[in-house]
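This report describes the secondary-structure elements of one chain and how they pack on one another. The sequence and the structure are shown first.

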Amino acid sequence: MGNHAISIKTLEKRFQHKQVIAPLTLDIPKGQLMGLLGPSGCGKTTLIKMIMGMLKPDNGTIEVLDLAVPHKQLLNDIGYMAQSDALYTDLTGEENLHFFAKLYSLSKAEQMDRVAYAASLVRLTDDLQLKVMNYSGGMKRRLSLAIALIQNPKVLILDEPTVGIDPVLKKEIWQELIRLKEHEHKTILVTTHAMDEAERCDQLAMLRSGHIIAQGTPQALKAFYQAKDFDEVFLKAGGDVQ
Ligand SMILES: Nc1ncnc2c1ncn2[C@@H]1O[C@H](COP(=O)(O)OP(=O)(O)OP(=O)(O)O)[C@@H](O)[C@H]1O
């Protein structure tokens, strides 16, 4: 431990009799941007929910920042963006941000600063007075990302953060994720289906049927499997076998 922000050991999860996470071991070093890749239904969200302490594993252990999950301190230390938006639609964007900022131990001045920072980061400053029910799908995703960042967490866990977001903003969000990693030393775990996003990660873990079938830097994976892209890596690593 010590160097790892997230350390997962022999984790297992079954739903009814279906094994969704097979014994899975994964370490995510501090300050890295790790991409979790895999087809729909391979267990990405289930894994993330267990890291968040929202779902109890059947077996195995998870530590985040040296604390065994679940732990109250981790609510402050992990920023989480779920796949579906959990927003108060009859409140404005700004009211949503303040609502979540108040959940954390921030001073009033810090709350104001964080709300302004998070809103500008996702280019929502001009729309903060609108009720969320009048936001587009992309605006709701952007607001969810702002909420994940509100308490300035050390670890960010983002479940498909750029789905429904236009290419220009997507590029800006990725620039910001890389800045957060490089300048603020955040550890980031992101699930994605987008190959251009996978390319920007420090490391990739490819998941199939609850197993990690390949792991490494994007360049090393492509070189090892002599693949031109990550779809090909996935297939060559055994992703076509059910
Ligand atoms: N609460 C639940 N009860 C029963 N089965 C579940 C439950 N949650 C997830 N599953 C099943 O577990 C498997 C993995 O689901 P999960 O949502 O983790 O996949 P995923 O990789 O995140 O998929 P996607 O990319 O489509 O979001 C699926 O077969 C799903 O149907």
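In this predicted model, the cover over the buried residues of helix 4 includes helix 3 (93-102) and helix 5. The residues concerned are Arg114, Val115, Ala118 and Ala119. Viewed down the axis of helix 4, these buried residues fall within an arc of 125°, so they line one face of the helix. Helix 4 itself comprises 14 residues (108-121) and spans 20 Å between its first and last C-alpha, close to the 20 Å expected at 1.5 Å a residue. Just after helix 4, Arg123 adopts a positive phi of about 55°.

Six strands build an open sheet of mixed pairing, in the order 6-7-8-3-9-10. Strand 6 (78-81) and strand 10 (211-216) stand at its edges; each has a single partner strand, so one side of each is left without a neighbour in the sheet. From one strand to the next, the twist averages 15°. Strand 7 (residues 155-159) pairs with strand 6 in the parallel sense over 4 bridges, and within this pairing Met81 has Leu158 of strand 7 as its bridge partner.

Helix 1 (residues 44-51) packs on this sheet, where it touches strand 3 (33-37), strand 7, strand 8 (187-192) and strand 9 (203-208). Helix 5 (residues 137-148), already named as part of the cover of helix 4, also packs on the sheet and touches strand 6 and strand 7.

Strand 1 (residues 4-15) and strand 4 (residues 59-64) run antiparallel to each other and are joined over 5 bridges. Lys9 stands opposite Thr61 in strand 4.

**Helix directions relative to strands**

| Helix 5 | Strand 6 | about 170° |

Technical notes
Residues numbered from 1 in each chain as written. Predicted model: local features only at pLDDT ≥ 70, side-chain atom pairs only at ≥ 80, totals over all residues. Pairing = 2+ DSSP bridges. Helix = DSSP H or I, 4+ residues; strand = E, 2+ residues; numbered from the N terminus. Axes fitted to C-alpha atoms, helices over the stretch in contact; angles between N-to-C directions. Contact = placed C-beta atoms within 7 Å. Expected span 1.5 Å × (residues − 1). Buried ≥ 20, exposed ≤ 12 C-beta atoms within 10 Å, placed from the backbone. Arc of directions from axis to C-beta.
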